[in-house]
Amino acid sequence: MDNRRHSSRRPSVSNAAGPPATEPPAPVNLAPEHLEACLVLDAAALGGLWSREQWRRELEEAGRPGVGLWQQGQLVAMACGWLIVDELHVTLVAVAPERRRLGLGRQVLEALLRRGRAGGASRATLEVASGNDAARALYGACGFREAGLRRGYYRNGDDALIEWCNLAVVEGFG
């Protein structure tokens with residue numbers, strides 16, 4: 001997953017390109033015009049995990065699906081991944097700190113998994129900090145299971161659990 005590392009911190013972002021505030025929020029595909037909103041949410045939610053250049057590549061390159069949720073003109077949740085042959089590598093799930101525990105992370109993660117499946121992925125993988133109980137619960141609810149450990153994976157020295165999900169057998173992703 002190149003030299004980027006995940007963080008246990010999490011975001012709030014302004015972007016007028018999101019759906020109108022009168023409509024119920026629905027995940028939308030992230031695109032290059034969402035760069036500023038992604039940077040703001042990344043900073044608020046993840047402490048600036050990715051640089052502007054990394055975000056630019058993430059939003060422009062084929063094979064890197066991303067979805068976001070807007071509420072009242074702000075990007076409040078997003079999930080990104082990389083399609084590699086028949087696998088989706090989830091690289092990021094972020095929710096604005098003031099909007100956590102409302103199911104937004106699950107919405108964007110499930111939308112990303114559906115996009116991965118539509119793009120030919122039969123499995124999905126991710127790394128999660130072993131002490132991030134909220135993220136582990138979310139991933140477990142979406143069908144991910146522990147498959148390995150990366151010792152000292154995160155900047156702060158925390159271990160990462162490697163998790164996998166079989167998209168062909170998880171309801172809603174087939």
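**Figure 1. Overview of the predicted model.** Of the 174 residues in the protein, 48% are buried (under 20% relative accessible area; exposed is over 50%, partly exposed in between, with a 1.4 Å probe and protein chains only). This is a predicted model: local features need pLDDT of at least 70, side-chain atom pairs count only at pLDDT 80 or more, and totals for chains, interfaces and linings use all residues. Residues are numbered from 1 along each chain as its sequence is written, and side-chain values use heavy atoms, with hydrogens and water left out. The protein has four helices and eight strands. These are DSSP runs numbered from the N terminus: H or I of at least four residues for helices, E of at least two for strands. Their order from the N terminus is β-β-α-α-β-β-β-α-β-α-β-β.

**Figure 2. Crossing of helices α1 and α2.** Two packed helices are described by the angle between their axes and the distance between the axes. Here, α1 (residues 35-46) and α2 (residues 52-60) have axes that come within 10 Å and cross at roughly 125 degrees. Axes are lines fitted to C-alpha atoms over the stretch in contact, and angles run from 0 to 180 degrees between N-to-C directions. α1 is therefore oblique to α2 (under 35 degrees is roughly parallel, over 145 roughly antiparallel, 65 to 115 roughly perpendicular, the rest oblique). The contact (heavy atoms within 4.5 Å) involves L35, E36, C38, L39 and D42 of α1, with R52, W55, R56 and L59 of α2. By class, this α1 contact with α2 holds five nonpolar, no polar and four charged residues. Ala, Val, Leu, Ile, Met, Phe, Trp, Tyr, Cys and Pro count as nonpolar, Asp, Glu, Lys and Arg as charged, and the others, Gly among them, as polar.

Figure 3. C80 is in no disulfide; its nearest cysteine sulfur, that of C38, is 6.2 Å away. C80 is buried, at 1% relative accessibility. For C142, the closest cysteine sulfur is in C165, at 7.7 Å, too far for a bond. C142 is also buried, at 2% relative accessibility.

Figure 4. Most residues other than glycine have a negative phi. V85, not a glycine, has a positive phi of about 55 degrees. V85 sits in the loop between β4 (74-84) and β5 (87-95). Its relative accessibility is 77%, so V85 counts as exposed. R101 has a positive phi near 70 degrees. The loop between β5 and α3 (104-118) holds R101. R101 is exposed, with a relative accessible area of 78%.

Methods: A disulfide is a pair of cysteine sulfur atoms within 2.5 Å.
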